[in-house]
Each structure stands twice: as structure tokens, then as C-alpha cells.
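Work through these exercises with the structure open beside you. Try each task before reading its solution.

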Amino acid sequence: MAALEISASTYARSGSCFSPNDLSSSSANLRLVIKNRRRRSIPCSARRIAKILCSVAPNQVQAPELSTTPAGVASKKECFGVFCTTYDLKSDDKTKSWKSLINIAISGAAGMIANHLLFKLASGEVFGPDQPIALKLLGSERSFQALEGVAMELEDSLYPLLREVSIGVDPYEVFQDAGWALLIGAKPRGPGMERAALLDINGQIFAEQGKALNEVASRNVKVIVVGNPCNTNALICLKNAPNIPAKNFHALTRLDENRAKCQLALKAGVFYDKVSNMTIWGNHSTTQVPDFLNAKINGMPVTEIITDIKWLKEEFTERVQKRGGVLIQKWGRSSAASTAVSIVDAIRSLVTPTPPGDWFSTGVYTTGNPYGIAEDINFSMPCRSNGDGDYELVKDVIFDDYLWERIKKTEAELLAEKRCVAHLTGEGNAFCDLPEDTMLPGEQ
């Protein structure tokens, strides 16, 4: 067991200034605001953001107005068609049919997962057919042109619910007034990289994004962390956002739940919609615990339908834990489309009421949990929602010795990860004593 000590560091904003952009408009206004946040050595007083607002009236075209941009700062001047025109809704239709705009921020927006997810969001599949949205896309300097390409594809798709799109590389700009933050972007684990190093590198990203959310996002923003290691990244993010409720931070374990449901359905010879009450306990790693003890098939306990307990304990559990790696071997790349679908499922589980008697899995803050799981970590547990974006932990679950032993193992891993990132959560110097170098689902 290798131990690594990391000196405490302070990750804070310095030497940068930001001009607030007026993003307010009626819900019937379509536009694209391109925020060019390419950092240069420019005095704060001289710095401006190029912003293009276009308006097309029935018999008139108004030329776009540009703010002053200092020499040396690249200006993005494209006005992306439908996002620059006035969306013509009759006032009666607008007041009767349309809800207030939801601002959705997505990091890693030029990546493959986002490429599948954005169009589901824009189509109304996630928040409903009468809910207009604004997409705020966060990328990097390297991916900025790709972000423009994403915006062009969204333009060409003609989604009437998509009213605003903004792109940028600075989370303090992109996260402004966000009601939902889907944090996908993270550095993948490279060959020979220790898990401790991955925790530190990605932890710095999520510490900064937590600070940005704390400063500029909605006070009740819902955050779903996808970038791995997602449980500990979610913990880092919430620790750096003290003004946002800790229970609003989720780590995505819904793909693991979906995979578990599929495997149980295959074994039982039923369609997967017959599988319910599926819980993934713990970390999004190969220590995760797919819970067959509390799961049901056609409303009956799984163990009454699938009586091969050896298969459930060994083959079923391992298949779920290592499904991502098998997919890479077959497909040549990690899952993107199914991850996007699971993000949609995770959001919909929070914005639609949970069916009576059922529940869903999500990684949430453990403080105050009824199970006896260690507090102050992010741990996947069973939840129910009334459809208002909030949730409650399910209390009517049962444990046996096998299940509890597995839960304690994944708990120990998360506690070790927490010690490894103490310098990012304000808890002093970090000390990495990970029990073993477990792999994330999908790693080789």
C-alpha cells in the first residue's frame, strides 16, 4: 500500500476580472451569446467581452452591435442564425403555454457525452415539451472552435424550446444564474497514472468549478457530477460551494443502476421495465455494490425469481462493476450515448415524481443518513423524489451480512479518497492511503 503526502494548496481566483453580461430576455427571445474568455495579460479596465445580439423584425434587419474589444483580444463575431432572431409567439400562447426559462450549464460540452446529451435537453425530452431552456456550454481554449461547431449543430436542429446558447471557457461566466449544472468535463486516467494523481488533477478542476457555482449560480442550483472519480469530485465541489445546499450535489451512478437492471432482466427472461427498486451503493468504481437483496422483478424480490444466489453474488455483481471495461474492448471507446441517457434518467428522476414503492440511485451527501454509513462523504444510496428537484433517502431497505460487508468496503475506499483530497476540501494536508488501486468502470 503506497502512501503519498500532498502539501496543502490554495486554489483561488487571482488576477482576473469579469464583466457581467446581461443575459435577461423574454422567454420568447432566441439568441446566441459567444463569450470569448481567452485569457490574456490585459488590464481589468480595458477588458470586454464581445457580445452579439441580432434581431429580425418582419420588414427590417437590424445590424448587430458590438462592444468595444481591445486590440489583441480575439473577437467571435458569428451570429448563429436562429439564436439571433426574435421567436414569434402570440402573447396569448406565451402566457398560457410556456414556463420560465431554465438555465442549464454543461462542462465538457465539446465532448462525446455532451454531444449526445445536448440534443436530448434541447428537444424537450428531459424537462418537458413546454419548458424553454438556455444552454450554457463550458469548454477549454483548445475546444473553443468545437464549441462553436456544437452551437451550429444546435442551430441547424431548429429546436423551438432552445432559446439561448452561450459558450465560453470561464466557469465564472458560463455558470451565471445556472439552475442546473452538469459537470461532465474531466481528465481521463492515462496509462500508468496512479488513482491518487487522478484524484488530485481532477479535484483541482472541481474545486474551481465549485467556487464558480458558489459565486454566480442560482442559490438552489442542482449539480450532477459526471467527471470521474465522480463521488469524490462531487464532495470537493460541494465543499467549495458553502452557499449551496450540500444535498444539491449528485454523483452520477445511474448508468450503473441501468446496467444492473439490464443484467437482472436478461437472467430472469423479462423486459427491463419489470425490474424496480435497484440500488447502487457506494463509489462509482469496481467496489460499487449492486443491491439484488432489495431489488424486485414484477414486484417480487429478485431472490425469489432468480434463485441462483451464487450467480447473483459473483457473476451479476462483477458484470455490473466491469461492464464499462467490456464495452471499451468491444467498441474501442468508453460509453458516451448510454452515459448521456443515464444523465437524462437522473434528471428526470428528480423532476418527476418517483412511482409509488420504487426508488432510484444517486450519489449524495451522507451526513444525516439513516443507514449508519460514514458521514461527510458522497455515497450512492436509494432516493425518492416528489418531482420538485429535491429528494429523500429511502428508509425501508433491508441489509444482510453480505450486503453490509460490501457496503463497508466501498465506504472505506471513499474515506481514503477523501483523505487524499483534504487539501482541496479545506481539511488540511492530504494523505493518500488508498486500500487498493481500484479501477473506475470503463478503465482498462
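**Exercise 1: a cysteine pair**

Cys 420 is buried, at a relative accessible area of 1%. Buried means under 20% relative accessible area, exposed over 50%, and partly exposed in between, with a 1.4 Å probe and protein chains only.

This is a predicted model: local features need pLDDT of at least 70, side-chain atom pairs count only at pLDDT 80 or more, and totals for chains, interfaces and linings use all residues. Residues are numbered from 1 along each chain as its sequence is written, and side-chain values use heavy atoms, with hydrogens and water left out.

*Task.* Find which residue a disulfide joins to Cys 420.

*Solution.* 
- Start with the rule: a disulfide is a pair of cysteine sulfur atoms within 2.5 Å. The count by this rule is 1 disulfide.
- The partner is Cys 432, with S to S at 1.7 Å.
- Cys 420 lies in helix α11 (residues 401–420) and Cys 432 in strand β19 (residues 430–432), so the pair ties together parts that are 12 residues apart in sequence. Helices (H or I, at least four residues) and strands (E, at least two) are DSSP runs, numbered from the N terminus.
- Check the handedness. The S-S torsion is about 85°, so the disulfide of Cys 420 and Cys 432 is right-handed.
- Check the cover. Cys 432 is buried at 4% relative accessibility.

**Exercise 2: strand β17 and its partners**

*Task.* Work out how many bridges join β17 to β16, and how many join β17 to β18.

*Solution.* 
- Two strands pair if DSSP finds at least two bridges between them.
- Strand β16 (residues 360–365) and β17 run antiparallel, joined by 6 bridges.
- Now look at cover. In β17, 6 of its 7 residues are buried. Cys 383 counts as buried, at 0% relative accessibility.

**Exercise 3: Ser 385**

*Task.* Decide whether Ser 385 is buried or exposed, then list which residues Ser 385 touches.

*Solution.* 
- Locate the residue. Ser 385 sits in the loop between β17 (378–384) and β18 (392–393).
- Read the accessibility. Ser 385 is buried, at 5%.
- List the contacts (heavy atoms within 4.5 Å). Leaving out residues up to four places away in sequence, Ser 385 touches Ser 349, Leu 350, Thr 352, Pro 353, Thr 354, Phe 360, Asp 390 and Tyr 391.
- Look at the side chain. One of its polar atoms lies 2.9 Å from the backbone nitrogen of Gly 387.

**Exercise 4: aromatic rings**

*Task.* Classify the ring pair of Phe 292 and Tyr 402.

*Solution.* 
- Set the rule. Rings of Phe, Tyr and Trp (its six-membered ring) pair if their centres lie within 6.5 Å; planes under 30 degrees apart count as stacked, over 60 as edge-to-face and the rest as tilted.
- The whole structure holds 10 aromatic pairs.
- For Phe 292 and Tyr 402, the ring centres are 6.0 Å apart and the planes are at 40°, so the pair is tilted.
- Phe 292 lies in the loop between β13 (289–291) and β14 (296–297), and Tyr 402 in helix α11, so the pair ties together parts that are 110 residues apart in sequence.
- Both residues are covered: Phe 292 is buried at 6%, and Tyr 402 is buried at 17%.
- For a group of rings, see Trp 281, Tyr 371, Phe 399 and Trp 404, which form one aromatic cluster.

**Exercise 5: backbone exceptions**

*Task.* Find which peptide bond is cis, then say where Leu 158 and Asp 376 lie.

*Solution.* 
- The cis bond joins Asn 228 and Pro 229, with omega about -5°. Pro 229 is in the loop between β9 (222–225) and α6 (230–239).
- Leu 158 has a positive phi of about 55°. Leu 158 lies in the loop between α3 (144–156) and β7 (162–168) and is exposed at 60% relative accessibility.
- Asp 376 has a positive phi of about 65°. Asp 376 lies in the loop between β16 and β17 and is buried at 15%.

Notes: Polar contact = N/O pair within 3.5 Å; in protein donor to acceptor, adjacent residues only side chain to side chain.
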